[in-house]
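Subject: Structure for you, with notes

Hello,

Here is the structure I promised. Please open it first, then read the notes below.

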Amino acid sequence: MSKSVKSIGECAFNGCAGLTSISIPDRVTSLGTSAFSGCTNLSSISVDENNKDYSSVDGILFNRDKTSLLRYPIGKQQLSYTIPDKVASIGEFAFNDCASFTSISISKSVKSIGAYAFHGCASLTNIFVPDSVSNIACSAFDNCVNLSSINVDENNKDYSSVDGILFNKDKTSLLRYPIGKQQLSYIIPSSVTSIGEKAFEKCKKLTSITIPDSVKRVEAQAFGGLTNMTIPKSVTNISVLAFVADF
């Protein structure tokens, strides 16, 4: 890449399947979050050590001070990865389409998990959310087709889990039912008053979901891709996009 380049736009290298490595020069100050989406053979992203905004470790892209993990190359052939202790945020699309991963360990320094952070991690079967995490984007685990369990540290002040299903702390909002969970039916707990955005999106193994009378609100894409849903009369607010699925 030319040393005169200062900005790499959104989707700049999208779908460049023949690309195996890329070097980012020191002058680059802006990098689109999905710049390397679809680069299925990209195994290394290196950054000039004089770059003031970005850095890399073992071919993985970070911000300069390594507090944010920005992009793990899709073509890197590790089966497991431990996020470094210094990382406070997992960026948007950070592990997007890293289909070979069977295990990702989130360090206790992480506070935020961005949109589509683990989108398409098809081999990921379970994930543990430490007590440090205070923000998880609703799309963080989209298209994780074999993810059967999201477990949360009991000391987390913002999130909780029951039987591998993600809730807010007081379990009044059901946030994410893992796509790979093998149950055919599910009864939503009576503590739940809202079904969050994308909560059951593409959970097509479920043939029956029982919604209790406690539920008052159903957010966008909550049942995306699902049909034959019975909504109780207690629900007073249903998003017009409640049954629409994302990409």
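Two strands pair if DSSP finds at least two bridges between them. Strands themselves are DSSP runs (E, at least two residues), numbered from the N terminus. By that rule, strand 19 (residues 194-195) and strand 21 (residues 217-218) are joined by two bridges and run parallel. I195 stands opposite V218 in strand 21.

Two ground rules. This is a predicted model, where local features need pLDDT of at least 70 and side-chain atom pairs count only at pLDDT 80 or more, while totals for chains, interfaces and linings use all residues. Residues are numbered from 1 along each chain as its sequence is written, and side-chain values use heavy atoms, with hydrogens and water left out.

Strands of a sheet pair through backbone hydrogen bonds, either parallel or antiparallel. Strand 15 and strand 16 take the antiparallel sense, over four bridges. There, V162 stands opposite I165 in strand 16. The hairpin of these two strands has two residues between them, and D163 takes a positive phi near 55°.

Next, look at D170. It sits in the loop between strand 16 (165-168) and strand 17 (173-176). Its side chain makes two polar contacts to note (N or O atoms within 3.5 Å; within protein, one must be able to donate a hydrogen and the other to accept it, and residues adjacent in sequence count only if both atoms are side-chain atoms). One is with the side chain of N168, at 2.9 Å. Another is with the side chain of T172, at 2.8 Å. D170 and Y159 are eleven residues apart in sequence, and their C-alpha atoms are 7.9 Å apart.

Is Q182 buried or exposed? The scale is relative accessible area: buried is under 20%, exposed is over 50%, and partly exposed is in between (1.4 Å probe, protein chains only). Q182 is exposed, because its relative accessible area is 59%. A polar atom of the Q182 side chain lies 2.9 Å from the backbone oxygen of G180. C203 is 21 residues from Q182 in sequence, and the two are 9.5 Å apart, C-alpha to C-alpha.

Strand 5 and strand 6 (residues 60-63) run antiparallel, joined by four bridges. S55 stands opposite F62 in strand 6.

Y81 is in strand 8 (residues 80-82). Y81 counts as buried because its relative accessibility is 11%. Contact here means heavy atoms within 4.5 Å. Leaving out residues up to four places away in sequence, Y81 touches I60, F62, L69, Y72, F95, F101, S103, I104 and S105. I136 is 55 residues from Y81 along the chain, with 19 Å between their C-alpha atoms.

**S139**

S139 is in the loop between strand 13 (135-136) and strand 14 (149-152). Its relative accessibility is 4%, so S139 counts as buried. A polar atom of the S139 side chain lies 3.2 Å from the backbone nitrogen of Y116. S139 touches A115, Y116 and K198, not counting residues up to four places away in sequence.

**Strand 2**

In a regular strand the side chains alternate between the two faces of the sheet. Four bridges join strand 2 to strand 4 (residues 44-47), and the two run parallel. I24 stands opposite V47 in strand 4.

**The largest pocket**

A pocket is an open set of points on a 1 Å grid over the protein atoms alone, where a 1.4 Å probe fits, with protein on both sides within 12 Å along at least five of seven lines; lining residues have an atom within 4 Å of a point. The largest pocket has a volume of about 190 Å³, a volume being the space filled by probe spheres set on the points, which are joined across faces, edges and corners. Of its 13 lining residues, T207, S208, T227, N228 and M229 are the closest to its centre. By class, the lining has five nonpolar, seven polar and one charged residues. Nonpolar covers Ala, Val, Leu, Ile, Met, Phe, Trp, Tyr, Cys and Pro; charged covers Asp, Glu, Lys and Arg; the others, Gly among them, are polar.

Best wishes
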